[in-house]
Amino acid sequence: MPSFVTHLESALDGTRLPAGVPQTLHKDRPLWVRYDLAAVKRAVSRDEIAAREATLWKYRELLPYADSKNVVSLGETMTPLVACPRLGARFGLTNLWVKDESRLPTGSFKSRGLAMAVTMAAQFGLRRLAIPTAGNAGGALAAYAARAGIEAFVFMPDDTPAINQYECHLAGAKTFLVPGLITDCGRIVREGRERMGWFDVSTLKEPYRIEGKKTMGLEMAEQMNWRLPDVILYPTGGGTGLIGMWKAFDELVELGWLNDTQRPRMVAVQSDGCAPIVRAFDGGQRFAEPFAGAATIASGIRVPAAVGDFMILDAVRASGGRAVAVEEARLREWMALGVRSEGLAICPETAACVGALEKLAAENWLKPDEHVVIFNTGAAQKYPEAMQADLPRISNPANIDWDRIEQGQSS
Ligand SMILES: *Cc1c(COP(=O)(O)O)cnc(C)c1O
């Protein structure tokens with residue numbers, strides 16, 4: 001199978017770089033992967049793709065690897081797009097859907113990006129990878145590196161959810177807790193590059209994680225019979241998913257594969273405990289200032305400075321969308337509302353999107369019958385700290401107080 005990649009391109013100034021060797025940043029900013037889309041169009045049709053096995057590799061003509069034998073996979077199934085009438089009704093919305101990414105290997109959508117980054121690392125013969133992580137990216141890297149027999153070093157804030165700490169260690173990554181935030185972990189990875197000889201797979205610091213995340217947009221379009229929703233709400237940290245989906249829509253339009261080229265309004269959702277993108281959006285800036293004192297239980301969006309900030313902001317603005325911050329203090333409430341309404345294991349990051357639904361529906365920015373998709377980027381079960389509850393106890397099973405059971409209270 002040939003790769004249709006032609007070159008890499010600086011997102012900042014369009015400089016072309018060759019794709020056949022490992023690349024990182026250009027002028028400290030990310031690279032796009034570019035394809036010969038005319039050749040892709042001649043090689044395959046959307047119907048042929050739709051008929052393939054339901055994994056993210058079905059889009060292979062739009063992915064960067066050259067040889068299927070390099071693929072590092074844990075079985076990345078297509079994730080379901082689930083209608084959520086009860087949750088929608090809470091906000092007066094009749095056409096709300098959740099794309100449930102929690103079903104992917106390691107329980108988060110980070111597996112899309114890291115499956116691709118590790119596949120490309122294997123193709124380039126890289127033997128040692130390092131990552132700073134807010135949690136799930138580390139878990140995914142550890143798993144895919146184990147699968148590929150590649151060494152992984154993971155650096156995470158010392159208050160990262162416990163499951164993320166242990167999953168990395170369990171998968172054999174050399175895992176370290178660091179006082180501070182993901183940006184402090186990033187500095188360690190950068191400083192160790194020469195001495196330790198590792199390749200940095202930080203968000204957007206190599207070009208291929210975006211390509212993996214792009215498959216969310218391709219998949220959603222296929223699942224919607226090659227149309228796109230009116231609005232997408234996306235919990236935004238480093239922004240790879242939002243940027244990747246926007247790129248997917250560009251490619252689909254250029255391929256002529258969409259029945260309707262109307263694009264969704266993209267909403268970047270953050271917690272008011274860490275909202276650098278929202279601040280830059282509101283301030284009319286293209287680049288975001290680092291957010292001081294970042295704090296949120298939604299660890300995946302605790303990213304005070306994003307190297308692809310301008311790519312997120314460009315996409316949100318081009319789409320006619322918004323960047324919105326919701327109250328950190330209400331995330332647990334929205335998480336419970338999401339899970340109780342539909343039974344989906346909604347993570348705290350996606351709880352922020354539930355909060356954004358409330359806000360945007362109240363402002364009538366979301367119209368009642370608009371087709372709205374939110375992404376459940378991870379599984380609730382990865383956040384025991386956020387799920388924690390004091391359960392009622394039955395102190396004497398021989399003498400049960402049924403009235404208190406009825407009330408859900410201890411007896
Ligand atoms: C990483 C992460 C995010 C943020 O994703 P980006 O694409 O980097 O903005 C959101 N939710 C979860 C669960 C994550 O792990």
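The protein chain carries 46 positive and 48 negative charges, and their mean positions lie 3 Å apart. Lys and Arg count as positive, Asp and Glu as negative; His and the chain ends are left out. Each charge is placed at NZ of Lys, CZ of Arg, CG of Asp or CD of Glu.

This is a predicted model: local features need pLDDT of at least 70, side-chain atom pairs count only at pLDDT 80 or more, and totals for chains, interfaces and linings use all residues. Residues are numbered from 1 along each chain as its sequence is written, and side-chain values use heavy atoms, without hydrogens and water.

**Overall form**

The protein chain has 16 helices and 13 strands. These are DSSP runs, numbered from the N terminus: helices are H or I with at least four residues, strands are E with at least two. The radius of gyration is 21 Å, close to the 22 Å of the globule rule for 411 residues, so the chain is as compact as a globular protein of that length. That radius is taken over C-alpha atoms, and the rule is 2.2 Å times the number of residues to the power 0.38. Along the principal axes, the C-alpha atoms fill a box of roughly 70 × 50 × 45 Å.

Of the 411 residues, 58% count as buried. Buried means under 20% relative accessible area, exposed over 50%, and partly exposed in between (1.4 Å probe, protein chains only).

**Cores**

A nonpolar core is a set of buried Ala, Val, Leu, Ile, Met, Phe, Trp, Tyr and Cys residues joined through side-chain atoms within 4.5 Å. The largest has 92 residues; L114, L129, L141, M220 and F249 touch the most other members. Helix α10 (residues 240-255) gives the most to this core, with eight residues. Another core, of 37 residues, lies apart from it; C84, L93, V98 and L331 are among its members.

**Residues in detail**

Contact means heavy atoms within 4.5 Å. The table leaves aside neighbours within four places in sequence.

| Residue | In contact with |
|---|---|
| L141 | L114, V118, L129, A130, I131, A152, F153 and V201 |
| D309 | R29, I277, R286, F287 and A288 |

D309 is found in helix α12 (residues 309-318). At 3% relative accessibility, D309 is buried.

S68 is found in the loop between α2 (46-51) and β4 (81-83). S68 is partly exposed, with a relative accessible area of 45%. W57 is eleven residues from S68 along the chain, and their C-alpha atoms are 9.2 Å apart.
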